[in-house]
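Biologist: I have a structure to learn from. Let us go through it term by term.

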Amino acid sequence: MAQEDQIPPEPPFGRSRASERRVAGAEVSRRRVNEAIDRGGRSDAPRVFMCECGRVGWNTTLTLGLGEYDNVRTSFERFLVAPGHDVHLIHDVLERHGSHDVVARRGAERPEADGVA
Ligand SMILES: [Zn+2]
């Protein structure tokens with residue numbers, strides 16, 4: 001279900017470590033909720049997941065089939081977000097599916113690449 005009309009302008013995310021930590025903490029807490037949802041039954045019926053973009057105060061939900069969510073969660077670095085919810089300074093968009101996007105934390109796949117300009 002399209003939710004573009006609910007997406008406010010992107011707040012100013014800094015590249016500071018404090019800001020990134022705050023986003024990362026929110027991502028992980030949303031992910032815990034989604035993992036509980038994912039485990040919450042065996043039915044293949046679509047269920048409601050939370051956007052994992054990490055924006056504090058945003059509680060966008062996404063309706064996905066379990067198979068779709070499993071496809072998002074093929075590695076720890078991959079996060080489920082609503083279309084347009086990627087944080088440009090922090091995320092790389094890996095896949096766009098129309099109803100949801102898959103993002104990765106930038107640099108997550110190359111942890112030694114610190115200090116990239
Ligand atoms: Zn979001």
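Biologist: How many bridges join β4 to β5, and in which direction do the strands run?

Modeller: Five bridges join them, and they run antiparallel. Two strands pair if DSSP finds at least two bridges between them. Five bridges meet that rule, so β4 and β5 count as a pair. First, a caution: this is a predicted model, where local features need pLDDT of at least 70, side-chain atom pairs count only at pLDDT 80 or more, and totals for chains, interfaces and linings use all residues. Residues are numbered from 1 along each chain as its sequence is written.

Biologist: Which residues of β5 stand opposite Asp92 and Arg96?

Modeller: Asp92 faces Ala104 in β5. Arg96 faces Asp101 in β5. Four residues lie between the strands of this hairpin, and Gly98 takes a positive phi near 90° there.

Biologist: What makes something a helix or a strand, and how many does the chain have?

Modeller: Both are DSSP runs, numbered from the N terminus: helices are H or I with at least four residues, strands are E with at least two. The chain has two helices and five strands. From the N terminus, the order is α-β-β-α-β-β-β.

Biologist: What makes β3 and β4 edge strands?

Modeller: Look at the open sheet of three strands: its order is β3-β5-β4, with antiparallel pairing. β3 and β4 each have a single partner strand, so one side of each has no neighbour in the sheet. On average, neighbouring strands here are turned by 35° against each other, direction ignored.

Biologist: Why is Met50 called buried?

Modeller: A residue is buried if 20 or more other C-beta atoms, placed from the backbone, lie within 10 Å of its own; it is exposed if 12 or fewer do, and partly exposed in between. Met50 has 20 other C-beta atoms within 10 Å, so it is buried. Met50 lies in strand β1.

Biologist: Why is Val93 called partly exposed?

Modeller: Val93 has 15 other C-beta atoms within 10 Å. Val93 sits in strand β4. Over the chain of 117 residues, buried ones make up 24%.

Biologist: What does Val93 have in contact, beyond its neighbours within four places in sequence?

Modeller: Asp86, Asp101 and Val103. Contact means that the C-beta atoms of two residues, placed from the backbone, lie within 7 Å. With the neighbours within four places again left aside, Met50 is in contact with Arg30, Val33, Asn34, Asn59 and Thr61.

Biologist: How far apart are Met50 and Ala82 in sequence and in space?

Modeller: They are 32 residues apart in sequence and 8.8 Å apart in space, C-alpha to C-alpha.

Biologist: What makes a set of residues a nonpolar core?

Modeller: The members are buried Ala, Val, Leu, Ile, Met, Phe, Trp, Tyr and Cys residues, joined through C-beta atoms within 7 Å. The largest such core here has 16 residues; Phe49, Leu62 and Leu80 are among those with the most contacts inside it. Elements giving two or more residues to this core are β1, β2, β3 and β5. The largest share, three residues, comes from β3. In soluble globular proteins, nonpolar side chains tend to be buried together.

Key
Axes fitted to C-alpha atoms, helices over the stretch in contact; angles between N-to-C directions.
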